[in-house]
There are 2 protein chains.
Amino acid sequence: MSERIHATYWLETGDDPARAAEVIAGEQSSGTFVALPNETPELKARSGARVERLNVLGQVDAPSLPGGMRAHRYTRCELELSWPIENMGPSVPNLMSTIAGNLFELRQVSGLRITGLRLPPSFLAAYPGPAFGIEGTRRLSDVHRGPLIGTIIKPSVGLSPEQTAEQVEELVAGGIDFIKDDELQADGPHCPFDERVRAVMRVVNEAAERTGKKAMVAFNLTGSLDEMKRRHDLVLREGGTCVMAVLNSIGIVGLQELRRHASLPIHGHRAGWGYLSRCPELGWDYAPWQMIWRLLGADHLHVNGLRNKFSESDDSVIEAARAVLQPISNDHPMRAMPVFSSGQTGLQAADTYRAIGTADLIHTAGGGIFAHPGGVSAGVEALREAWVAALDAKPIADHAERVPSLRTALEFWQ
Amino acid sequence: MSERIHATYWLETGDDPARAAEVIAGEQSSGTFVALPNETPELKARSGARVERLNVLGQVDAPSLPGGMRAHRYTRCELELSWPIENMGPSVPNLMSTIAGNLFELRQVSGLRITGLRLPPSFLAAYPGPAFGIEGTRRLSDVHRGPLIGTIIKPSVGLSPEQTAEQVEELVAGGIDFIKDDELQADGPHCPFDERVRAVMRVVNEAAERTGKKAMVAFNLTGSLDEMKRRHDLVLREGGTCVMAVLNSIGIVGLQELRRHASLPIHGHRAGWGYLSRCPELGWDYAPWQMIWRLLGADHLHVNGLRNKFSESDDSVIEAARAVLQPISNDHPMRAMPVFSSGQTGLQAADTYRAIGTADLIHTAGGGIFAHPGGVSAGVEALREAWVAALDAKPIADHAERVPSLRTALEFWQ
């Protein structure tokens with residue numbers, strides 16, 4: 001028996017669902033629109049995609065997406081397809097063309113969203129996964145319990161290297177664990193990457209010498225392959241412990257090559273995720289999408305945050321975080337660290353912890369730290385203490401009675 | 001005056017449109033959700049995105065996408081934003097994070113689609129564009145008037161190298177100009193890339209020696225960077241004249257590196273385009289998307305075809321083809337060759353020519369060629385003769401009176 005790749009979809013179709021499923025399976029394997037003499041039963045048995053499961057969920061009167069076939073009713077279903085691994089070999093790029101290629105454009109489809117992915121052992125064995133993951137990130141950042149307390153350099157873009165370093169100096173003095181560039185901050189002439197890294201690492205290294213603890217800074221090295229390699233090497237040389245790449249901006253080959261070259265954790269930013277996911281009847285669920293990037297080697301993956309300022313629901317955020325933490329398989333867990341951000345404060349700590357059952361995460365706050373009346377140091381402490389309360393299952397207000405910085409924070413976090 | 005990057009969007013918002021536009025501009029440049037002391041007026045003037053144009057198109061009662069702010073009315077508008085090039089430098093990956101990053105997830109957005117992109121000269125000068133384009137493709141395929149008549153190897157996946165070569169032999173004997181692998185056919189163990197290339201090129205080279213004309217075969221080398229380079233070199237060594245890559249599957253860095261390495265035209269397949277575009281209120285128009293890939297070096301770009309078997313409308317197909325043919329600028333035209341496919345026959349020739357005003361294209365047909373009762377040779381001739389009629393502005397039925405293969409074809413094409 002050949003190993004098979006399984007993908008699940010949410011499908012809406014104006015056609016008979018069984019026929020639509022067969023058309024999709026055919027289009028994505030040996031079939032075509034017209035019967036061909038070469039598509040023999042043997043070839044089809046060997047190379048055809050198989051409809052493994054088709055559960056009707058309900059019907060609607062109008063199609064979710066335009067351009068499909070016209071019908072009186074459109075049926076929504078769960079669909080599971082499988083392919084023999086021989087069709088494409090253990091190759092992520094060719095997997096993409098198979099599980100997420102032309103099928104979204106079919107006329108039989110008035111809604112299609114990929115919801116899950118299951119890969120056989122030989123496929124997983126061909127990919128490295130995260131080099132650092134949760135354990136490596138904890139080791140490098142010297143944070144052994146609770147989340148990494150993090151923040152993002154703001155304004156997103158426009159600060160000079162020196163201004164960036166000043167902000168980092170304040171954060172590091174305040175005991176921050178993790179700092180990241182904004183995804184818009186790259187290598188513009190107002191803030192060249194090299195100068196920024198040198199200025200920031202000077203401050204970070206000085207603090208590390210004094211305190212023994214080095215804050216992890218994710219420098220956004222997104223760029224061409226040569227640029228990314230050169231920038232990675234500079235960060236490493238300057239004593240940095242993390243690099244960041246915008247995954248949709250560099251693509252699959254970009255991350256694969258960066259992972260091959262890198263000896264630092266890769267912080268995977270998901271900018272652009274909205275155009276892949278914001279229409280519920282099209283595109284990608286986070287579960288299959290994040291799996292692709294973990295295979296290739298992302299150590300950290302953004303999942304938004306509870307009660308965020310964006311349009312994503314809390315349920316979706318938690319589902320995304322659970323997906324990132326879920327082992328891909330027992331032999332190849334490839335777990336990455338979820339990164340919570342957007343409108344975050346200590347008030348989300350307990351709910352986040354309850355929902356995912358672990359503090360193996362990075363919790364980044366901007367205003368939640370900077371706006372603290374006691375300064376950045378008090379802001380960092382307050383967020384960390386909110387997590388102490390969460391981990392001890394203690395009401396945050398009770399804990400705040402003993403921690404003045406948290407008491408103050410509770411007022412402005414509201 | 002700094003050079004600026006301009007992007008246009010179709011926006012739907014539950015907010016006041018002017019405020020929504022400012023929020024989007026802020027999120028994608030120096031702004032954040034909360035006012036920051038560091039975001040000085042000077043910094044904002046230097047680095048902020050600017051709302052260049054905001055035209056209200058109309059209002060609707062319900063939001064197109066969920067998760068946004070609630071309102072009684074949702075306003076639809078055309079929005080043009082601009083950014084100083086200093087924010088990101090002339091870098092396609094960082095351009096992506098800026099023009100197509102977090103903005104799709106904003107609560108102010110209940111619909112957002114990027115519709116256009118305009119890049120300043122210094123940005124364009126930093127990218128190579130297609131190495132071959134229309135002229136190079138015509139030279140290598142020895143087709144100097146009319147479109148390249150092409151086809152796709154079918155079944156998509158499942159043929160052995162020998163079976164593939166047999167199909168190619170028939171096509172080449174029939175005078176075909178262009179053949180491509182299916183995007184699902186890569187390097188599986190049933191049809192390893194190397195064996196396929198050797199078997200196919202043996203047949204192609206033999207025919208070329210006999211006739212002086214070498215058919216262009218686009219071998220799908222989609223894979224890791226090393227695989228793509230190695231496969232490209234094999235194709236080159238075997239006398240091949242084209243390679244194909246699935247753009248969404250390799251990503252921006254993938255194409256950039258392939259272009260740097262390649263000395264053959266790159267046939268850019270757009271599998272996955274559906275998940276980027278099928279929801280009219282989200283994602284990408286083809287015009288900005290194809291521009292990205294032309295900058296990076298795609299020589300051929302798929303545009304579907306008139307009266308295709310997929311869900312795309314004819315208007316959208318023609319708009320896509322025109323975009324691919326439109327010079328990016330006078331100094332950097334970077335024109336690529338549009339590839340028409342899906343349900344194509346000679347019946348679409350005249351309409352296609354009328355709509356785009358040129359035959360600088362590849363017209364691929366499967367059933368439209370293979371199903372010809374006179375065989376593949378007659379099928380190829382019929383499609384070519386349909387284009388002769390189109391170019392001469394002659395009714396196809398009149399021309400068919402003098403061309404028996406076309407006369408026969410007109411019956412089964414209906």
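In this predicted model, strand E7 of chain B, residues 216-220, pairs with strand E8 of chain B in the parallel sense, over three bridges. Within that pairing, Asn220(B) stands opposite Met244(B) of E8(B).

Let me stay with E8(B) for a moment. The strand spans residues 242-246 of chain B and is mostly covered, five of its five residues being buried. In a regular strand the side chains alternate between the two faces of the sheet. Here, Cys242(B), Met244(B) and Val246(B) point one way, while Val243(B) and Ala245(B) point the other way, and all are buried.

I turn next to helix H1 of chain B, residues 17-27. Its buried residues are Pro17(B), Ala20(B), Ala21(B), Ile24(B), Ala25(B), Gly26(B) and Glu27(B). An α-helix has 3.6 residues a turn, so residues three or four places apart point the same way. Against what do the buried residues of H1(B) pack? They pack against three strands of chain B: E1 at 4-13, E2 at 50-60 and E3 at 74-84.

The interface between the two chains comes next. On the side of chain B, 85 residues are in contact with 87 residues of chain A. The area buried between these chains is about 7200 Å², and carbon and sulfur atoms give 58% of that area. In chain B, the residues that lose the most area to chain A are Glu105(B), Tyr275(B) and Arg278(B), together 12% of what that side buries.

As for specific interactions, there are four salt bridges between chain B and chain A. In one salt bridge, the side chain of Arg260(A) meets that of Asp226(B), at 2.8 Å from N to O.

Which elements of chain B each supply at least two residues of the side that touches chain A? They are helices H2 (41-47), H3 (92-99), H8 (225-237), H9 (247-261) and H10 (273-277), together with strand E10 (282-284). H9(B) gives the largest share, ten residues. By residue class, the side of chain B that touches chain A divides into 33 nonpolar, 38 polar and 14 charged.

Finally, one residue of chain A. Tyr353(A) lies in helix H13 of chain A, residues 349-356. Tyr353(A) counts as partly exposed because its relative accessibility is 24%. Leaving aside residues up to four places away in sequence, Tyr353(A) touches Thr358(A), Ala359(A), Trp387(A), Ala390(A) and Leu391(A). Between Tyr353(A) and His269(A) there are 84 residues of sequence separation and 22 Å in space, C-alpha to C-alpha.

Conventions:
Residues are numbered from 1 along each chain as its sequence is written. Chains are lettered from A and ligands numbered from 1 in the order in which they are written. This is a predicted model: local features need pLDDT of at least 70, side-chain atom pairs count only at pLDDT 80 or more; totals for chains, interfaces and linings use all residues. Side-chain values use heavy atoms; hydrogens and water are left out. Buried means under 20% relative accessible area, exposed over 50%, partly exposed in between (1.4 Å probe, protein chains only). Helices (H or I, at least four residues) and strands (E, at least two) are DSSP runs, numbered from the N terminus. Contact means heavy atoms within 4.5 Å. Buried area is the accessible area (1.4 Å probe) that two parts lose on being put together, summed over both. Ala, Val, Leu, Ile, Met, Phe, Trp, Tyr, Cys and Pro count as nonpolar, Asp, Glu, Lys and Arg as charged, and the others, Gly among them, as polar. Two strands pair if DSSP finds at least two bridges between them.
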